[in-house]
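This briefing concerns the packing of one protein chain. Please consult the sequence and the coordinates alongside the notes.

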Amino acid sequence: MAGEEWAVLADFATLPASPESRAALLGAVPLPRLLELLQANGARMDVLCKCLEKLLCAEDADSRQILRGPDGARMLPIGFGHPDERVRLFCVRVVGGLVSCDEDIKWLEDHGLVFDLVCATTDTVLAVGNAACNVLVKAVACPAGVAAVFAANCCEQLQARMSDAGAGALLRTPHAPAFPAPLLGAAVAAGVASFIAVQGMV
């Protein structure tokens with residue numbers, strides 16, 4: 001059965017996504033099974049990530065409904081902690097598509113995904129960390145994003161990840177040497193500016 005599932009996934013990864021093709025994929029490989037494959041951390045994570053991104057990142061109601069269902073909500077926290085950097089980067093991109101709307105940001109916050117995004121800013125893989133920083137900058141462009149990012153638990157994480165040097169600080173992780181990530185400083189600076197602007201309107 002696993003071989004048939006991977007054949008379906010390989011086809012979906014290379015073909016244009018549509019509501020019909022997504023429905024066919026989920027008919028052959030339901031979302032709980034996709035979650036199992038994700039957790040298995042096999043050799044085909046690139047194919048799986050392509051499929052999940054096409055499944056969850058489309059700008060239509062079907063993809064949004066799949067993502068915000070119980071299995072989709074379980075997938076992202078698991079993905080943020082996944083050992084494969086491609087999975088973590090996929091999760092950052094998914095969250096990046098949900099930070100322009102107050103309702104979506106509230107959903108992310110309710111599921112702990114804003115916290116996961118903040119933690120991802122100092123991922124041991126620079127591409128993941130920089131992508132997370134870019135999403136953070138995007139998130140704080142609206143009041144709901146400012147409130148979510150500067151909530152107590154997220155703010156503590158931001159402080160833990162910033163050195164006393166400020167915006168251009170060196171960031172350290174338990175698993176890697178320090179590396180410069182000025183984008184995190186830019187995200188914090190943008191958030192502070194947005195916070196001040198919001199407070200001025202109250």
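The model is predicted. Its largest nonpolar core has 54 residues. Helix α6 spans residues 70-80, and Arg 88 belongs to helix α7, residues 85-96.

**Nonpolar core**
- Within the largest nonpolar core, the residues that touch the most other members are Leu 9, Leu 34 and Leu 48.
- Helix α4 (residues 45-56) supplies the largest share of this core, with 8 residues.
- Beyond residues up to four places away in sequence, Leu 34 touches Leu 9, Leu 26, Val 29, Leu 48, Leu 52, Leu 55 and Met 75.
- In soluble globular proteins, nonpolar side chains tend to be buried together.

**Helix α6**
- The buried residues of α6 are Gly 72, Ala 73, Met 75, Leu 76, Gly 79 and Phe 80.
- These buried residues line one face of the helix, because they fall within an arc of 155° when viewed down the axis of α6.
- The cover over them includes α3 (31-40), α4, α5 (61-67), α7, α8 (102-110) and α9 (113-120).
- Met 75, one of the buried residues of α6, is also among the residues that Leu 34 touches.

**Arg 88**
- Arg 88 has a relative accessibility of 9% and therefore counts as buried, the cut-off being under 20%.
- A polar atom of the Arg 88 side chain lies 2.8 Å from the backbone oxygen of His 82.
- Apart from neighbours within four places in sequence, Arg 88 is in contact with Gly 79, Phe 80, His 82, Pro 83, Asp 123, Thr 124, Val 125 and Val 128.
- Among these contacts, Gly 79 and Phe 80 are buried residues of α6.

Key:
Residues are numbered from 1 along each chain as its sequence is written. This is a predicted model: local features need pLDDT of at least 70, side-chain atom pairs count only at pLDDT 80 or more; totals for chains, interfaces and linings use all residues. Side-chain values use heavy atoms; hydrogens and water are left out. Helices (H or I, at least four residues) and strands (E, at least two) are DSSP runs, numbered from the N terminus. Buried means under 20% relative accessible area, exposed over 50%, partly exposed in between (1.4 Å probe, protein chains only). A polar contact is a pair of N or O atoms within 3.5 Å; within protein, one must be able to donate a hydrogen and the other to accept it, and residues adjacent in sequence count only if both atoms are side-chain atoms. Contact means heavy atoms within 4.5 Å. A nonpolar core is a set of buried Ala, Val, Leu, Ile, Met, Phe, Trp, Tyr and Cys residues joined through side-chain atoms within 4.5 Å. The arc is that of the directions from the helix axis to the C-beta atoms.
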